[in-house]
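Reader: I have some labels to check. Please set each one against its cut-off.

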Amino acid sequence: MKPKLWQPPSTDYQNLQLLVRERESLVILLTQIKNQKHAHTYRQHCPDTILTLLEEHIGLLKSQIKCLEKEIQKLCMTYLKDSYQSLQSIPGIGPVTASVLFAETFGLHHFYDAKQLTAYAGIAPAPNQSGKFKGQSSISKIGNKRIRKAFYMAALQARKHSIFKDLYERILNRSNSKKLALIAVARKLLVIAFTLAKSKQPFDPNYLSSST
């Protein structure tokens, strides 16, 4: 298949990426403020004013994050509705993970297969230098870190689902590494996400056995 000529992403996709990344920044800040408040709470002496200000800051950040999430969902439902909903039918993948994938790939328009996408995300299989385990020895430090992080976190939930649990336990037993097992689940999730985003079909548990 002859590749399409590259074209710059539309303003809507650029806006989606900005919104998703801003949400990520606020979530990180919210965690920092919560930790700060928690630390102050256990001090022997801490002015009530500080705790009050931190609590107000937390409330403001939560409100801002909620506002951003509404705008993100609005864009996804306007331009990617079927694919957006298909992704959320996959165990472990919710609106945040789905929006990260679309924002960081500008709707997957320039990806032709799942192998290309997993390589871009840095979750593609890589050889173990020791030769003891024929799998990815660690999660890559190259590629799109936001997609990688989102799907790694999704794997933490998906591994509890009966279908992905089998994959997780098989890799865990073979490698004795929880991280390797989670990477395997994350890659499987990304492969399935690509397929469903393109086909706009809901998740089918029977598909897992034939996907790679």
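Reader: Why is Arg146 called partly exposed?
Author: This is a predicted model. Arg146 has a relative accessibility of 24%. Buried means under 20% and exposed means over 50%. The value of 24% falls in between, so Arg146 counts as partly exposed.

Reader: What makes Arg146 and Glu24 a salt bridge?
Author: Their closest N and O atoms are 2.8 Å apart. The cut-off is within 4 Å, so the pair qualifies. Arg146 sits in helix H6 (residues 145-158) and Glu24 in helix H1, 122 residues apart. The pair therefore links distant parts of the chain.

Reader: Is Glu24 buried or partly exposed, and how do you know?
Author: Glu24 has a relative accessible area of 22%. Buried needs under 20%, so Glu24 is partly exposed.

Reader: Why is Arg23 called buried?
Author: Arg23 has 17% relative accessibility. That is under 20%, so Arg23 counts as buried. Arg23 lies in helix H1 (residues 11-41). Its contacts include Ile65, Leu68 and Val96.

Reader: What makes Arg23 and Glu69 a salt bridge?
Author: Their side chains meet at 2.9 Å, N to O. That is within 4 Å, so the label holds. Glu69 is in helix H2 (residues 48-79), 46 residues from Arg23. At 33% relative accessibility, Glu69 counts as partly exposed.

Reader: Which label does Glu104 get, and why?
Author: Glu104 has a relative accessible area of 2%. That is under 20%, so Glu104 is buried. Its side chain meets that of Arg21 in a salt bridge, 2.8 Å from N to O.

Note on methods
Residues are numbered from 1 along each chain as its sequence is written. This is a predicted model: local features need pLDDT of at least 70, side-chain atom pairs count only at pLDDT 80 or more; totals for chains, interfaces and linings use all residues. Side-chain values use heavy atoms; hydrogens and water are left out. Helices (H or I, at least four residues) and strands (E, at least two) are DSSP runs, numbered from the N terminus. Buried means under 20% relative accessible area, exposed over 50%, partly exposed in between (1.4 Å probe, protein chains only). Contact means heavy atoms within 4.5 Å. Lists of a residue's contacts leave out its neighbours within four places in sequence.
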